[in-house]
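Here's a protein chain to explore together. Take a look at the sequence and the 3D picture, then read on for a tour.

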Amino acid sequence: MVRLWAVGIVAAALLGVMVHAFMAEAQMRVGQVGDEMVTEQHRYEEARLRVAQLNSPAQIVRRATAKGLQPAASARPVTVAGIGSTSSDPSADSTSPWEQAKRALDAEP
């Protein structure tokens, strides 16, 4: 009976050591994943900054100029048929310009 108890105690101790080793390994993996996540988040932020820089108005003008486009001498508004109210009364048309544009574009073939 004593031997059985001794074997049980040794088995329980070994099981405790194994559980502790698995927990330590999992904790190390969690640390590695956390480090990878910080690295990838930094890369993502750098990529967003680069996209914002490339889409800045000054950069767009520079690329357009490099392709031979010239700045306009003056701005000229373009009207789209069926959009906007000719009446000066704002209550005459309760729809927003966006809704008017959508309706006009949907009506086109």
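Buried means under 20% relative accessible area, exposed means over 50%, and partly exposed is in between (1.4 Å probe, protein chains only). With that scale, E40 is partly exposed, at 43% relative accessibility.

Before going further, know that this is a predicted model, where local features need pLDDT of at least 70, side-chain atom pairs count only at pLDDT 80 or more, and totals for chains, interfaces and linings use all residues. Residues are numbered from 1 along each chain as its sequence is written, and side-chain values use heavy atoms, leaving out hydrogens and water.

**The overall picture**

The protein chain has 3 helices and 0 strands, in the pattern α-α-α along the sequence. Helices (H or I, at least four residues) and strands (E, at least two) are DSSP runs, numbered from the N terminus. Of the 109 residues in the protein chain, 4% count as buried.

The protein chain has a mean pLDDT of 85, with 84% of its residues at 70 or more. Confidence is highest in α1, at a mean of 95, and lowest in helix α3 (residues 97-107), at 74.

**Charged pairs**

Side chains of opposite charge can pair when their charged atoms come close. Here, a salt bridge is a side-chain nitrogen of Lys or Arg within 4 Å of a carboxyl oxygen of Asp or Glu. The structure holds 2 salt bridges:

| Salt bridge | Closest N and O atoms |
|---|---|
| R29 and E36 | 4.0 Å |
| E40 and R43 | 2.9 Å |

E40 and R43 both sit in helix α1, 3 residues apart, which is about one turn of the helix. In the other pair, R29 is partly exposed at 43% relative accessibility, and E36 is partly exposed at 44%.

**A nonpolar patch**

Which residues make the nonpolar surface patch of about 530 Å²? They are L15, M18, V19, F22 and M23. Patches are made of residues with over 30% relative accessible area and no salt bridge, joining like charges within 9 Å and nonpolar side chains (Val, Leu, Ile, Met, Phe, Trp, Tyr) within 5 Å. V19 belongs to helix α1 (residues 2-54) and is partly exposed, with a relative accessible area of 40%.

**A visit to Q59**

Is Q59 buried or exposed? Q59 counts as buried because its relative accessibility is 18%. Q59 lies in helix α2 (residues 57-66). Leaving aside residues up to four places away in sequence, Q59 touches Q53 and L54, where contact means heavy atoms within 4.5 Å.

Definitions and conventions:
Accessible areas come from the Shrake-Rupley method with a 1.4 Å probe; for residues, only the protein chains shown count as cover. pLDDT is the predictor's confidence in each residue, from 0 to 100.
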